[in-house]
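Let's walk through this model together, one contact at a time. Have the structure open and follow along as the residues come up.

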Amino acid sequence: MAQLWGGRFTKETDQLVYNFNASITFDQKFWKQDIEGSRAHVRMLAKQGILTEQELRQILDGLAGIEADVESGRLEITQEYEDIHSFVEANLIDRIGDAGKKLHTGRSRNDQVALDMKLYTRDEIYEIDALLKTLLGTLLSMMEEHIHTYMPGFTHLQKAQPITLAHHLGAYFEMFRRDRLRLADIKKRMNYCPLGSGALAGTTYPLDREYTAQLLHFDGPTMNSMDSVSDRDYVIELLSALSTVMMHLSRFCEEIIIWNTNEYRFVEIDDAYSTGSSIMPQKKNPDIAELVRGKTGRVYGALISILTTMKGLPLAYNKDMQEDKELTFDAIDTVKGCVALFNGMIATMRFRKDVMEESAMNGFTNATDAADYLVNHGVPFRDAHGIIGRLVLYCIEKNKAIHELSLEELKAISPVFEADIYDAVSLKTCVEKRQTIGAPSEASMRRSIEAGKAYLSE
């Protein structure tokens with residue numbers, strides 16, 4: 001058992017206790033961040049005269065060797081070490097001797113792990129943000145392609161009004177754009193360096209915490225050493241933001257699953273993102289969409305878990321906080337995988353434009369525009385609403401769409417109707433008349449797309 005403590009203990013830790021307490025199986029994930037933090041720490045120690053230049057050089061060379069050997073696979077991170085900090089320090093001492101024993105001067109594992117987790121989280125925020133930006137680029141390209149692809153818009157899963165596929169996709173563009181803003185906001189708030197806080201009460205060594213923060217690209221040092229070692233707000237915020245990302249993905253996946261059904265036939269998912277049945281040869285299942293939808297609960301679980309873990313912890317550090325890592329690592333990996341796979345799935349999907357347009361025409365999505373037609377010809381809105389209600393009922397009885405009725409049939413319901421009603425209720429007219437900001441007309445969508453392009457090029 002490679003431990004960094006034990007002087008006041010008179011016997012070995014029970015093996016089961018050691019295994020239960022150890023974190024090396026999962027905190028090895030931030031071995032790079034541990035070495036990065038150690039480099040900054042010893043540079044600061046040398047600047048402050050706590051280490052000599054020779055000791056600094058020995059330690060930096062030793063850390064570089066460990067990093068290179070782990071990277072190449074020559075050095076394996078094994079469970080004989082309690083945690084990643086023990087692994088790095090023990091290997092450093094083996095390689096450079098007594099100078100390695102000075103690595104931990106002015107530092108506790110409490111502020112060390114707080115730093116490592118922040119560095120790892122910050123790195124992952126950049127990676128998730130890049131994946132979301134790629135997804136937004138895919139959505140923007142699809143929006144450009146489908147400005148004139150008509151489809152029904154829904155409320156309550158009932159056909160409501162005609163829109164375009166570009167308009168529908170644009171709603172998700174806005175959702176994922178907000179997700180990026182949330183990540184940026186979290187990064188801004190968390191970007192303060194806890195190193196130098198010690199176990200909870202700082203240290204008597206003359207540390208330059210501002211310098212350490214600068215070396216690690218933080219905006220400054222944290223301002224309370226007790227808070228520094230016990231703060232996991234940024235983990236909670238990240239898991240909350242990731243839960244929202246997954247919620248957005250899941251909503252979109254739900255729609256794709258519905259659109260992929262035999263009843264809708266709006267989309268055909270590429271073979272690379274589908275699977276078949278072991279018994280039913282006709283099946284083509286939307287497995288990726290279903291798995292993304294399913295994995296959303298996994299990320300939600302991580303958020304609830306850390307909230308529950310943190311809710312009863314007195315200041316400052318408690319071992320319970322070790323529980324923040326596995327679930328956070330899993331949630332991050334889940335979200336990254338889901339965003340990447342989802343992007344590939346939608347980029348290769350084929351939309352059945354003819355089916356979508358027919359669905360919009362035959363679902364009375366133009367009923368509101370028919371009512372507006374009457375209003376524009378002097379009929380009070382409430383009366384117009386009732387007339388169109390009777391018109392829809394007549395269409396259902398005759399199994400016809402509004403545009404399929406003869407002028408005589410229309411006039412029998414209201415004499416106000418004239419031949420121009422057919423143009424008024426065409427999908428093109430219904431969509432193109434809606435030109436306010438955020439509406440589905442071509443002019444509005446082109447403004448949205450140009451704004452999206454400007455945003456992505458920032």
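This is a predicted model: local features need pLDDT of at least 70, side-chain atom pairs count only at pLDDT 80 or more; totals for chains, interfaces and linings use all residues.

Glutamate 268 and arginine 350 form a salt bridge, with their closest N and O atoms 2.9 Å apart; the term means a side-chain nitrogen of Lys or Arg within 4 Å of a carboxyl oxygen of Asp or Glu. Glutamate 268 sits in strand 3 (residues 267-268) and arginine 350 in strand 4 (residues 350-351), so this pair ties together parts that are 82 residues apart in sequence. Salt bridges that share partners also join Glu268, Asp271, Lys284 and Arg350 into one network.

Residues are numbered from 1 along each chain as its sequence is written, and side-chain values use heavy atoms, with hydrogens and water left out.

How covered are the two partners? Glutamate 268 is partly exposed, because its relative accessible area is 37%, and arginine 350 is partly exposed at 45%. On this scale, buried means under 20% relative accessible area, exposed over 50%, and partly exposed in between (1.4 Å probe, protein chains only).

The structure holds 32 salt bridges. One of them links lysine 453 to glutamate 144, with the closest N and O atoms 2.9 Å apart. Lysine 453 belongs to helix 19 (residues 442-456) and glutamate 144 to helix 6 (residues 109-145), so the pair ties together parts that are 309 residues apart in sequence. Now look at helix 7 (residues 165-190), where glutamate 174 and arginine 177 lie three residues apart, about one turn of the helix. They also form a salt bridge, the closest N and O atoms being 3.0 Å apart. Glutamate 174 counts as partly exposed at 33% relative accessibility, whereas arginine 177 counts as buried at 18%.

Next, turn to two leucines. Is leucine 249 buried or exposed? Leucine 249, in helix 10 (residues 233-259), counts as buried because its relative accessibility is 0%. Leaving aside residues up to four places away in sequence, leucine 249 touches Leu135, Phe176, Val292, Cys338, Val339 and Phe342, where contact means heavy atoms within 4.5 Å. Leucine 315, in the loop between helix 11 (287-310) and helix 12 (323-348), counts as exposed at 63% relative accessibility.

Terms used: Helices (H or I, at least four residues) and strands (E, at least two) are DSSP runs, numbered from the N terminus.
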